[in-house]
Structures are given as structure tokens and as C-alpha cells.
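The following questions and answers concern the structure shown below. Each answer sets a computed value against the criterion that applies.

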Amino acid sequence: MSESPALRILVITSRPLVTVEPTQENGELTFIRHPIALKPLRHVRQELERALKGMGGPVAVRYLARATTAAVQTALLDSYDVVHFIGHGADDGRLLLEQENAVADLLSVERAAQMLHSSQARLIVISACHSGKAAQALRQAGIANVVAIDEQLPITDRAAALFNQLFYGGLVRGRSLSEAFLLGVDAVQADNEVGDHRPPLHEKTGAELPLWSSRFSPFFADDRPLAASAGHGQYEELDAWTVPTNLPHNPEIVGREALMVDAIKALADARLVTLTGPGGIGKTTIAEEVARWHAERELFHDGVFFVSLEGIKDAVRLAETMARALNVTPDPTNPVGSLQAALTRREVLLLLDNAETLLEEPIEDASSAVGVLGALLEAAPGLKLIVTSREALGLRRWEQQLAIDEMAQGEAERLFLNYAPAEQRLELALAHRVTIQEICRTLEHYPLALVLAAPQLSEAGMAPERLLRDLKAKMLEVLEDEGSRGVPKRLRSLRASLDLSYQRLSGRARIVLFYLGVLPGGASGRILANLVGKRFEPAAQELVERNLARWQDGRYTMLAPIRTYAVATRPAKRLATTRLRAARLYAQLADSMDELLKPLSRRRIAEQLVERAKGQSLEETERRLTRVALAVFDAERTNLLASVEWVFAEQAWVAVRTLVDKLNTYLHLRSFWGDMVVVGQTAVTAAKQESNRTAEDIALNNLGVVYQSQSRWAEAITAYEQSLVIFRELGDRHGEGQTLNNLGVVYQSQSRWAEAITAHEQSLVIFHELGDRHGEGQTLGNLGNVYQSQSRWAEAIAACEQSLAILVEIGDYSGVIPVSRQLGWIRHSRGELDAACEHFVHAFALACDLHSKLVADTLSQIIALAKEVATSREMTKVSQLGQRMLEVTEQRSKQGWKGEELQAMGVLCQQVFTVMALLGLSADLPPKERKKARTQVLESAKGIDKITQGKWELESWVKASTGRRSAKAEEKGSRAKKKGGAEPAGEVP
């Protein structure tokens, strides 16, 4: 039988790494990169190649190496029977091609149809996400025949290979398109692995997914065969050319697409790109994928080569090793010169792995190993290097450094599951997802740690929960895998990987490494100076340069696995001593900052500062002191909580309760209730161990406050009652008064009014006797709240006004704000709207000077008030309230906001108050202007709802408010018609 003309196929394999989406952030245009998780291009090509070779028919295939728009247009100038696209699609039918830097180029359906029309191919095959939408769009644009292979879920390799082999096999044997299509689908249906009797399951939920055989969709307008008749022939690859490479075939990379794009961009701009980071962070994996990306796209005609530099320190061995990778025979008398000569006219990309050992010689020496690299770059203009190293090479003329960080949370989870036992992956993803997430967080998304931890789940069926406990207790021991063979020793354990970096550190840097490891929250320069000595900076900088530590936002920090390694470099006794020393430092810091948070001591300090520096405002000075204290506490919170654990472990009971006492004000202000429960229970235990009834009493009272804040009423009452017994036993009147006040609040929350009033009145008597003005102010506010709940308005107003006067007198503005808001609600309940608005204005103005959370809380209550007022159809009052608040906001904007958080809240407040101000005023405008104003208000409300995720439901409120007014106007117009009057025109429906 004679050979038939070969079926000509153009295969476009597109593998962009990220899409770029523009977005507005703080009023500025920014771009977010979204990674695209697709199989490596080489795997896709190999699968299709095997399928086409296995069909036994005449076929000529061209694989397009680079799927840029320009390259695709050029390729389509030749004649093909079939164009087969393998890649990714958008949900609107657009196809993703590649830009030069691996970023996606979204090709519109119209443009795709125009390009494919020009090819005159009779069949287009699309194997991509959302391929069905893309295929339909192409058909509507006039493409006659399209087959969609939907990889949205995605499709399994075997199902795609079976379909391709039988489908193309039918085409080369003269079958019609529909007949060939059915051959491919039938093969998938009947297969033992992917057939219809074995429906696929969702990897996360375990639910049944659509059958593999249903993932293929035909759109045929011209069903004629593509080949004239059946015949024999060979598989042929058109323009076949492979870039020489020795890159290792490692498992598929998980995540890291954005970093790969950064490296590809860097390599386009620089001749030498060095990926730096600690051992096991993923430098080699990323570098290999970047090198492979260039090889697959044939960007270096003379090859892309991998060169391991492990253990190489001198120039001669470096030159010989690089020559062997390039298949060059070096001159024994001048290996460097012969390598230079071999590279002079070549376009080559070299991946130099583990180059940190080259740095053991001074890089200034031209004959050093690093100096040789500089000489090669000088002599060979077509040479580029991508290097992995634990620190930069220092070739400033050529080098661009790219720091490799830990993985993102989602990437870390995928990597862990990839290395977990295959038979357990579905169960792990379904039943143990929270534990897997916590394991990844515990390891701080450190790739080598994840790769070493995951396989241990196969050991005697170890549960993920046990693995998590072991990692927290003995991380270094768990992350050992000495039994692995064929894996470099440095990758068999976390300890071995980090040992290489540790050995290169100076003695001083090793000391700083240990101290940094002790502190889980990192360390400021002040703390390090106290622990290590004032000359710590050169050693700390050495750690930063060698990627064992980071300097960010004024702190030195470490990843958890490195920190665990660091503390293991010293004996356990040294660790305990150092922790106690650090805890003493943090206790002193907490003591000084706590003084700035407590109203009375803060006022005293502020008065001293104002006395020294004339012209300063007392109130502004207090606010500044509060901001300073909160910022310090925020930065040191992790280390302060760890300090409590350290002194408790050493049974230093006095230190425990002292430190907890200094933390309570801060934790309460920030609403860190979980932390407060932990330290509170620790303080109670410590006091009992010390047999210190006073300390136990205080700790119980503080714990009651926490339970109360969490609405754990029964636990709160128990803690307060136990505390009250001890306070009375000790004769501590102040503690008794505070506890009675707290009990009153809990009783009120349970509508136990009489008990609440009794408790508050007893508390008030005690505070008055003691002259405790702050206690009196707090208790009066709480008592007013109880009276308000019972609609005892006169008594509520009297109590709140007394409270307000005392709190203003002592400068407790954080306390003034909730009492002012409370008075606002009371006045509103009595129908005194103007007075209510003034109280809220006062509360809002104070909040703007203190903290964004206070602003947010006050804003929520102002919106609630506006809605209440609108319900009674007092829209003019709503507008007046909005206008008044706008004045306060604009005044604060002119003075300047204290920090970015307050500024952002101020912008949001201005938008909300504008809606309120315009809402009522729009009713009095002429019809055309009214319609325009209400449209503007509605759009603003929609925008605010979008920003706040519908927190206040402003859009629905605006619609309801304008709807009520329109209905009222229509009713008025109807009455006017009945009386013979003119109907009002232009009402907005």
C-alpha cells in the first residue's frame, strides 16, 4: 500500500507562569500577580508525542517552542491541517499566550479567530481551561471545526493520551471528524483506569466529578475527512531541533511561579543572576526550572547546562568542571584560558549550583574562582549565568541578586501533600486539612522542612496530629532523613543543610545567631545590644548577608526552622539562662511601656514632658505616649508572651505575676482575649504555687475580665466571686470595689438588673471612700448603662454626665468615648436628636486622635444612629449629622492623621458621611439635580459596601430611604390631583 500524504499538525504549547491583574490600592493603580499552576511544558509535549507516535500513521508535527503572539502569527503563515493548542484559558474564552518574560498575554477570541482563519487549518483542537467557551466563541467567529478538551478540573494524562492517539489515528486513516472523535471518546470510556466505571473524585472533597470521557466536546460544521484515504507512514517532526542540555529531570515544581518570573526578568536584564537564600529554601529548584524554561524555548542556541559546584573552591577545578559540563576538553596547562576560548562565540546559559564555596577566596583576586567567572563574562558576550548561593558573589559589575523567601501558605500545603504518602493524600486533604495547615505554619513554609516532614506520615501510619506535636517538641530530630540514598547529604536533614552555613560564620556571628534563635519574635537593635553587646551590628549583618536572618521594619528575624537550629548550637543550660536574661529585659520594657498606657501614670509623665518643653499640648503629648507604647508592645508581643512561659518554666513565680500584670493593660486595649486567658491562667497557677493570696486574687479578677469580654458569663462570675472572697479576706478595698464593678457588668449582661445596681452602688461607695477617681468614673458609666437598659432616663443621664466629668478631669479619653456615645443613645431615646448628634461628634473627634479601632467602633454607631433617625423620616437630621461629621473629618485631615491606619479610616469616614449629608438634602433639589444626586449617593453607597464587604448595608439603606420619600411625594401628588392641583413632576422612582 502506498504512503499517504502526512497529516500536518501545528502544536502550540503555551506555559505562562502568572497573569497580571490591575487593581486600585489606597487610590493608586497597582498590579497583582496570580500564579498559573500548569504541568511543565516538556511533559505536555512528551505526552502528545507518545500518542502521535503510537497511532502508526503518517503525521508531520511542528512544536512551537515559544508561544508569544508574534511567534504564533509567524508559525500560522505555513499550511497545516490541524492546529492543536495546549495551555490555559480564561473564563470568558480568551486564550493565554506568553509574553517574553513568562507573563500571560490574554488573546481575545476575536484576535484568536482572525489568526486561526489565516492558517486555513480545517481543525482547531483546544486543550485548556474553559476550552468549551473558547471553542464556542471560535465557532461563532467562523472557524468550521473545533474540538475542546476541557482541562478545567484538570483532565488526567492518560485520558488525554488515549483520546489523542485514537482521534488522530482515525484522522490519518481517512475517517471523518465525527468518526475519529467517537474513536477517541470510546477508547477513554472503555479504559481500565479512566473508563466510565471509575468516575474521578475531587481531591479535596472526595465528591464524584464528571466522567473523563465527558471532557471532550466536538463542534463540526464540515465533517469531511482530513486525509484522503487510509495509508501507512511515519511520525515526522518538522523543524526538529533541541537545545543541548544536561538539566536533571526532577519532579514537577510546586508553586514559585512568581519567583520564576522575577528570575526570568532579571536574566533578561543582567548577565549574572544570583539566587540567594538559606539552605533548603528552594534556590536550586527555582534555578533549574528557570534554566529549563529557557531551554524549552530555544533561547540559547548552544545550550543550557547545569554545573554543580559543591566542594569546588579554586579556579582550576571550577574551569575543569564547567568544561566537562560543556563537553569541552580543557587544556591541562591553561584550563581557564581554554574555557574562555570555547565560550567566546557561543550563546550559552550556565546554571552554577551551590556557588557559596567559591567565596572562600578573596573575590578581588582576578585568579580566584569568582574572578574567573567575571573574566568569562568579559570574554564571552553570549554567556549568561544563573547561580545559586547562600550569599551574593560580589561581582557588582555583572551581578543581580534575587533573594528567595519561604513559600506562600497555599504553595506550602501543596508541597507537603505532594511528598506525603500517595495513598494518604486524599484523606489528608479532607480530614486533616487544618492540621496540615498548622504543620506548614509551624515550619514557616520552609520547603526543605516540608519535604522532610511529609514522608514521615508513612511511618507506622503516623497521624498528622502526632507529627505536629513532634515538630513543636523536637523539630530538628524529626527533620532527619539520613536513610535517603542518591540525595546529597545537605538535603537529607535540616541540620545538615544549615551546618554548611554555620561553618562559614565568624565566632561573633554564631553568638548573635544563638541569641536571635532564642527570641521567637525577632529582636530590635536595642534588645540585641543588651544581650550581646553594643558591637553586635557587624555580626548581625553577616547573618543577613548569608541569609540566616532578615532585617525588616527595624528588627532582625529568623524563620522557625533556622531558629530551632540556632538554639541547638548551645547547651540546654545556656538556653535556659539566656531566656531568663531576656525575660528580665522584656519585663523592664513592659514596665516602662505599661506606665504610658495607664491613664494616671501617663498623665503624670505627660505633664513632666510639657513642663520641660513649653508650647506642647498636654492632650497631644498623652496621645503620642499612647501610640509609642502600643507600637512597642505590638512589636514585642511574641517575645513578651514567650517570656511569661520562660519564667514559669523556671518556677520564678514573682516574675510570672509581675510580667503578666504589665501585659494586661496592653492585651485588653488590643482585645487579645486568647492571650489574656493563657497568661491569666498562668498567673493564677503561679500565685497558688507561691501561696500568695493577693496575687491569686488579682489574677482571678483579671481572668474574670477576659471571660466577660468573651461572653463566657458563668466562668466570669465564678472567677469574680472567688476573687471577691479573697479581697474581702485580705481587706483589699480597692480590689473589692473593682471586682464588684465587674460583677455588676456581668449581671447586667444577663438582665439581672437589681443585682447589677447593687454591685455598682457598693463599688461606687468603696471608690469614693478611697478617692479613686478613675474607679468612680468607670462605675458611674456602668451604672448609667444599667439605668438606660431599664429606660430610667433621668438617672441614666445623671450617672453618665458625672462619669464624663471625672474621666475628662483625669485625662482618660479612651474612657470618655464610650460614655459620650452612650449619652448620645440616651438623648436619642428621649427624642433629643440635636443633643445626641453633639455627643457622637465629640466621641468621633476624640477617636480620630487615638486609634483606628475606636474610630471604626464610633463610625458603626453613627451609622446605626443615622438609620434609626431615618426610620422616623427625619432625613434632614441625617443630613445635618453627616455634614457635622464631615466638618470634623475635614478638620482632622488638614491637621494631618497620626499614622496610615487612621488616615485610611478617615477616608472611609469621609465617604460615609458624604452619603449621609447628601441623602436628605437631595429631596429638596430640583428634579434633574435630585436624580443626579441620588444616583451619586447610591454609587457611593455601593462602593463603601464593596470595600467593607457589606458590613453596614448602605446600598439597601439608601434605596429604602429614597424609596420612602418617593412614595410620600407620590401620595402628596395624588392628593393634589384630587384637589385639582398640578401633579409634581420629576420624582425619582
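Q: In what order do the five strands of the open sheet lie, and is the pairing parallel or antiparallel?
A: In this predicted model, the strands follow the order β14-β15-β16-β13-β17, and they pair in the parallel sense.

Q: What makes β14 and β17 the edge strands?
A: Each of them pairs on one side only. The edge strand β14 covers residues 304–308, and the edge strand β17 covers residues 399–403. From one strand to the next, the twist averages 20°.

Q: Which helix packs on the sheet, and which strands does it touch?
A: Helix α7, residues 257–269, packs there and touches β13 (272–276), β15, β16 and β17. The direction of α7 makes about 175° with that of β17. Angles between N-to-C directions run from 0 to 180 degrees.

Q: How do you know that β15 and β16 are paired?
A: Two strands pair if at least two bridges are found between them. Strand β15 (residues 348–353) and strand β16 (residues 383–389) have five bridges, in the parallel sense, and therefore meet the criterion. As an example, Leu 352 has Val 387 in β16 as its bridge partner.

Q: How many bridges join β13 to β16, and how many join β13 to β17?
A: The pairing of β13 with β16 is parallel and has five bridges. The pairing of β13 with β17 is also parallel and has five bridges. Leu 275 has the bridge partner Thr 388 in β16, while Thr 276 has the bridge partner Ala 403 in β17.

Q: Why is β13 described as largely enclosed by the rest of the structure?
A: The description applies because five of the five residues of β13 are buried. Leu 272, Thr 274 and Thr 276 point one way from the strand, Val 273 and Leu 275 point the other way, and all are buried.

Q: Why is Ser 803 called buried?
A: A residue is buried when its relative accessible area is under 20%. Ser 803 has a relative accessible area of 0%, so Ser 803 is buried. This residue lies in helix α32, residues 793–810.

Q: What does the side chain of Ser 803 reach, and which residues does Ser 803 contact beyond its neighbours within four places in sequence?
A: The side chain of Ser 803 reaches the backbone oxygen of Gly 777 at 2.7 Å. With those neighbours left aside, Ser 803 is in contact with Gly 777, Leu 780, Gly 781 and Val 819.

Q: How many disulfides does a search of the whole structure find?
A: The search finds zero disulfides.

Q: How many helices and strands does the protein have, and what share of its residues is buried?
A: The secondary structure comes to 39 helices and 20 strands. Of the 989 residues in the protein, 52% are buried.

How values were computed:
Residues numbered from 1 in each chain as written. Predicted model: local features only at pLDDT ≥ 70, side-chain atom pairs only at ≥ 80, totals over all residues. Heavy atoms only, no water. Helix = DSSP H or I, 4+ residues; strand = E, 2+ residues; numbered from the N terminus. Contact = heavy atoms within 4.5 Å. Disulfide = S-S within 2.5 Å. Buried < 20%, exposed > 50% of the residue type's maximum accessible area, 1.4 Å probe, protein only. Polar contact = N/O pair within 3.5 Å; in protein donor to acceptor, adjacent residues only side chain to side chain.
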